[in-house]
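Hi there,

Here is the structure I promised to pass on. Have a look at it first, and then read on for what turned up.

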Amino acid sequence: MAALAEVVAKVHKALDDAQDALEAQEQLIEDLRADADGGGGQVAAPPPSEEALAARESLALLTARERQILVLISQGNSNRRVAKALGISERTVKNHLSAVFTKVGASDRTQAVVMAIRSGIVSISESFNDASPPLSASE
């Protein structure tokens with residue numbers, strides 16, 4: 001019985017030591033964050049990459065309608081659903097997408113969407129109020 005009590009005491013000591021180490025780490029992290037942003041408690045976001053800045057500049061050339069279409073395709077909508085949501089023809093959507101690809105230097109819709117996400121123009125959690133909900137596969 002004494003041996004068991006000794007093992008339990010050692011386990012408690014090890015747990016206490018681990019808790020102290022974790023608290024010291026947490027304090028160190030808080031101190032580093034405070035130093036990084038001058039004491040405000042939040043770490044500043046890293047500056048955007050050159051690629052993101054270039055994408056942002058090219059995306060700034062887009063018209064409002066081209067941006068709407070980019071947001072809608074970023075949500076996985078087909079050209080047909082985009083056309084229906086905006087009340088335009090599918091051919092007009094294709095024309096707008098061609099203009100988007102040319103302006104941003106993208107070869108396809110996926111690349112254009114990735115550029116828009118990386119530059120902060122499109123958020124993957126953002127919804128577009130004028131878009132119709134995703135249609136079923138039969139539509």
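Predicted model: local features only at pLDDT ≥ 70, side-chain atom pairs only at ≥ 80, totals over all residues.

Leaving aside residues up to four places away in sequence, lysine 103 touches Ser58, Leu61, Leu62, Thr63 and Glu66. Alanine 60 is 43 residues away from lysine 103 in sequence, yet their C-alpha atoms are 9.3 Å apart in space.

Helix H3 (residues 64–74) and helix H5 (residues 90–104) have axes that come within 10 Å and cross at roughly 95 degrees. H3 is therefore roughly perpendicular to H5, because angles of 65 to 115 degrees fall in that class. On the H3 side, the contact is made by Arg65, Glu66, Ile69, Leu70 and Ile73. H5 contributes Val93, His96, Leu97, Ala99, Val100 and Lys103. By type, the residues of this contact comprise 7 nonpolar, 1 polar and 3 charged.

Which residues of H3 are buried? They are Glu66, Ile69, Leu70, Val71, Leu72 and Ile73. Just after H3, glycine 76 adopts a positive phi of about 90 degrees.

One more residue in H6 may interest you: methionine 115 lies in that helix. With a relative accessibility of 17%, methionine 115 counts as buried, because the limit for that class is under 20%. Methionine 115 and glycine 105 are 10 residues apart in sequence, with 9.6 Å between their C-alpha atoms.

Now for the chain as a whole. The protein chain has 6 helices and 0 strands, giving the pattern α-α-α-α-α-α along the sequence. Of its 139 residues, 23% are buried. The chain exposes about 9,500 Å², with carbon and sulfur atoms supplying 56% of that area. Taking contacts between residues at least 6 apart in sequence, 60% join residues at least 24 apart.

Finally, a word on confidence before you set anything up with these coordinates. The mean pLDDT of the protein chain is 77, and 71% of its residues reach 70 or more. Confidence is highest in helix H4 (residues 79–86), at a mean of 95, and lowest in helix H2 (residues 50–59), at 73. Over residues 128–139 the pLDDT is below 50, and this stretch has 18 contacts in the model beyond near neighbours in sequence.

Best wishes, and happy browsing!

Methods. Residues numbered from 1 in each chain as written. Heavy atoms only, no water. Axes fitted to C-alpha atoms, helices over the stretch in contact; angles between N-to-C directions. Helix = DSSP H or I, 4+ residues; strand = E, 2+ residues; numbered from the N terminus. Parallel < 35°, antiparallel > 145°, perpendicular 65-115°, else oblique. Contact = heavy atoms within 4.5 Å. Nonpolar A, V, L, I, M, F, W, Y, C, P; charged D, E, K, R; others polar. Buried < 20%, exposed > 50% of the residue type's maximum accessible area, 1.4 Å probe, protein only. Areas by Shrake-Rupley, 256 points an atom, 1.4 Å probe, with all protein chains shown as cover. pLDDT = per-residue confidence, 0-100.
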